Amino acid sequence: MTVDRLTVDLGAETGPFHGGASGTLYGLYGDGVPSRAVVEGMYVRTVTTKAQDGVQHPGADALEILPSFVAAGGRDVYVYLPDIHRGFPYEWPGATGAERLATYLESVRRQVVQVLTLGALKSHVVYVPFNEPEGNMFGTGEWGYDQVSWHTEPRPHFAAWRQAYHLIKGLDPQARIAGPNTCVLYPEVRGFLEFAKEQGVLPDVMTWHELSSPDEVRTNVAKYREMERELGIGPLPVNLNEYAHNYHLSVPGQMIQWIAAVEESKVDADMAYWNIAGNLNDSAVEANRGNGQWWLFNAYGQLTGNTVRVTAPHPNVQYTLQGVAALDRDKRQARVLFGGAAGAGELVVEGIDAEVFGAAVHVRLSEIPWSGQVGDSEGPLRLLDGELPVVDGTVTLPLTDLDAMSAYQLILAPGGNGASPLPPSLVWRRTYEGEDATYTGSGYSRNGPEGSPSDVDKFATSGGYHVGGLRTGSDGVLSFDVEVPHDGTYEVRVFANSHNLADLVREHGPTNVFLRVDGARPRELLLPLGYKWAVWGHTDTQVDLTAGPHRITLAARDPELGATEGDAVIDKLDLVLRDDRDTDTYDAEYAALGAGAEVGYDHLGASGAGTAVLPRGGTVTFWVHAGDDGEATVTVDQLGPGEGLLTVNGEELGPVRRGPVPLFLAGGINKVTVTGTSERLVVDRLRVGPSRGLLSTTVHAAEEGTLTGTAKVTAHSRATGGKAVEGVGAGPGNALTLTVTAAHAGRHALTIRYSNGEQAPATHYNPDPICRHADISVNGAAPHRALFPTTFHFNDFRRLSVPVTLDEGTNTLAFTADELPDFDGQSRNPYGQRSAYAPVIDQVTVTRLAP
């Protein structure tokens, strides 16, 4: 049988790695949502977002996200100037087109004047004067300039573009302006370019949307470049500032196809905003966690050197095996990201230079699985690690059991250093679809089909279908008949969803169901909430199974534990057996290097293909996943003498020590950096294991604090002990104050268990949850502001960790909040899009960051 073959030619370089596919539309809500580590680790290059103080959606204000985005390594913030207005089409005020345009240009003037106050940061701003003009301000609807189609008569838009262009450039001659920002690359765009060239108002960046498919990305960019050549302009930088659909977003196997097309075209591109602001377009979970899509972009952002030619078995055809690859001759590494097909395949890497790699290559193949839109992922799974001979400059790797929803990464490095291969991350796994399980009882529904190539507006769903019936009042039981190969402790991962605004969910929050194995060992599971139906997360538990058949049931009633409250749908059940090792290993030669650090391959017996060799000031950065906020055991393995400084999430934690060290890690994504402080430091790997209980930790219930004003203790069934504090905010008089004790002075983490279900009225398809904030003052000092993303319900609690400095002994923590003003410090949002309140606070855990 013929299998699909993906061929990578390391001898055919196609230009420097660009990294442009990692852009986001409305992906940042504010500083901390998502966290600095999540933004930086996704290598986000460009952000398109709303005008400062715009009322289109809550959060994502351009000038509020700008400083932290740039600090996280971001390049440009594209400001949708018309998103100052409500509605879509934009509800710009005025009785006539001319009046509307004049009023709108005054708002443009105000926005540019605000940017001019930012100093050096203003160089990162790109103005987008009009968005989809053909269907908005210059369309046929009631909000159109004169209700005449842009396609029929584009001159009003052209004239408005010229006015906006001169206005912006007149205020700031160095300003960059992007456009025309049409929904697609219409043929009429040629007329826009002809006009702009003639009038001297060409955009600095060419933008349009590709709400199409990856094959059209390649085709349209090539078409545009030919248009430039014919007109004698450019080449201009291009940003496809809205791309991909619900069916693609969050799914690594789909997104790698878009990434490959964008990277091959050497343009920037921003993922489309179909859902909620502040989650990097279904990449970030809560504030500090990443799903499978996040880990794909983390791998993509770590490509270095030059891209090389990749020949797909079905070139430029979506929903087939596609990929992108890069060769870094200095690192002596090649990396391939690929995916999009199921079953068997073959990966051929040719053009392998013996002077770079030698006679054998060390290969590491990893899978980046789909974990749902709101499902946390622990990172890529190691499938293969070992050495292969190079024959005539070629290595061929058979591929089996490919999952079309997964992406894969292959890293090639020189072999022959005597490294012992690492085992696969998993011993065994199997997926069981909800629609194939047996249902007994009332209320059953088989729902779907969900997203598909022919229906990309719907969400991706494993198998295309899901089942309902486990809800309030039901007696339903969903039974999965499984068979496992070994005795062991298995992870059970239930992919599920409850719509946070559904009638049966709105009252109680997350839906509870009851799991049993072979009719015994009952336990209650809380299933994940989402912003719409068929938005998937997962709830995990562990069960002990003997080799052979078993029945795992999910039920709406349990004779020992109670009954379901809510309404849930089930997509699938994953059953996983891991090995008995409890330590994660991150090899330094595959980590991110900076400031002169190099990869070395001359240390026989290193844990992998090589090591990271750090000069003084050189850095190696690891992106580390932690399941929960709290202590972990971290070991930096070094070879030979040398000294370094350890930094975790921007906190300097002191010299690198030999042997295991207890460190606080945030649940989700952690940036761990080693910086050389001697002439030479050789780092072999980073190992992260479970807590040994060495860091001082105390837990404080919010209801035991001092409450003032409207702050009060209320019942919340999912809070610890059934109680939490709400009503903090709307002024400093409504506060929560806790007294905590620190055994030692220094930096600590406040891990706050909270809930936030506030949501603003939306004008169209985007749900508009609101991030709340808390101003946290330690011992009366100036407060630190922390932003808390939605938990989708006030009875659904999550954790957020905030670093603070505590004195030895007794410390006072005060939590307050108030509605934040607009950029001018005076005006207020008229649509309730800036909350006056802190989240509901359940408890605060205080943990020392390091010994």
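**Briefing: a sheet, a pocket and a buried histidine**

Five strands make up an open sheet, ordered β21-β24-β30-β26-β27, with antiparallel pairing. The model described here is predicted.

- β21 (438–440) and β27 (520–526) are the edge strands, and each of them pairs on one side only.
- From one strand to the next, the twist averages 25°.
- Strand β26 (residues 512–517) pairs with β27 in the antiparallel sense, over five bridges.
- F514 has E524, in β27, as its bridge partner.
- Strands of a sheet pair through backbone hydrogen bonds, in either a parallel or an antiparallel way.

**The second largest pocket**

- The second largest pocket holds about 970 Å³ of space.
- Its lining consists of 39 residues, and those closest to the centre of the pocket are E367, L381, D401, L426 and R429.
- Two or more lining residues come from each of β16 (360–368), β17 (381–389), β18 (395–402), β20 (426–433), β25 (488–499) and β33 (567–578).
- Sorted by class, the lining of this pocket has 19 nonpolar, 12 charged and eight polar residues.

**The residue H773**

- H773 is part of strand β51 (residues 772–778).
- H773 counts as buried because its relative accessible area is 3%, and buried means under 20%.
- At 3.2 Å, the side chain of H773 reaches the backbone oxygen of D818.

How values were computed: Residues are numbered from 1 along each chain as its sequence is written. This is a predicted model: local features need pLDDT of at least 70, side-chain atom pairs count only at pLDDT 80 or more; totals for chains, interfaces and linings use all residues. Side-chain values use heavy atoms; hydrogens and water are left out. Two strands pair if DSSP finds at least two bridges between them. Helices (H or I, at least four residues) and strands (E, at least two) are DSSP runs, numbered from the N terminus. Axes are lines fitted to C-alpha atoms, for helices over the stretch in contact, and angles run from 0 to 180 degrees between N-to-C directions. On a 1 Å grid over the protein atoms alone, a cavity is a set of points where a 1.4 Å probe fits but cannot get out, and a pocket is an open set with protein on both sides within 12 Å along at least five of seven lines; lining residues have an atom within 4 Å of a point. Grid points are joined across faces, edges and corners, and a volume is the space filled by probe spheres set on the points. Ala, Val, Leu, Ile, Met, Phe, Trp, Tyr, Cys and Pro count as nonpolar, Asp, Glu, Lys and Arg as charged, and the others, Gly among them, as polar. Buried means under 20% relative accessible area, exposed over 50%, partly exposed in between (1.4 Å probe, protein chains only). A polar contact is a pair of N or O atoms within 3.5 Å; within protein, one must be able to donate a hydrogen and the other to accept it, and residues adjacent in sequence count only if both atoms are side-chain atoms.
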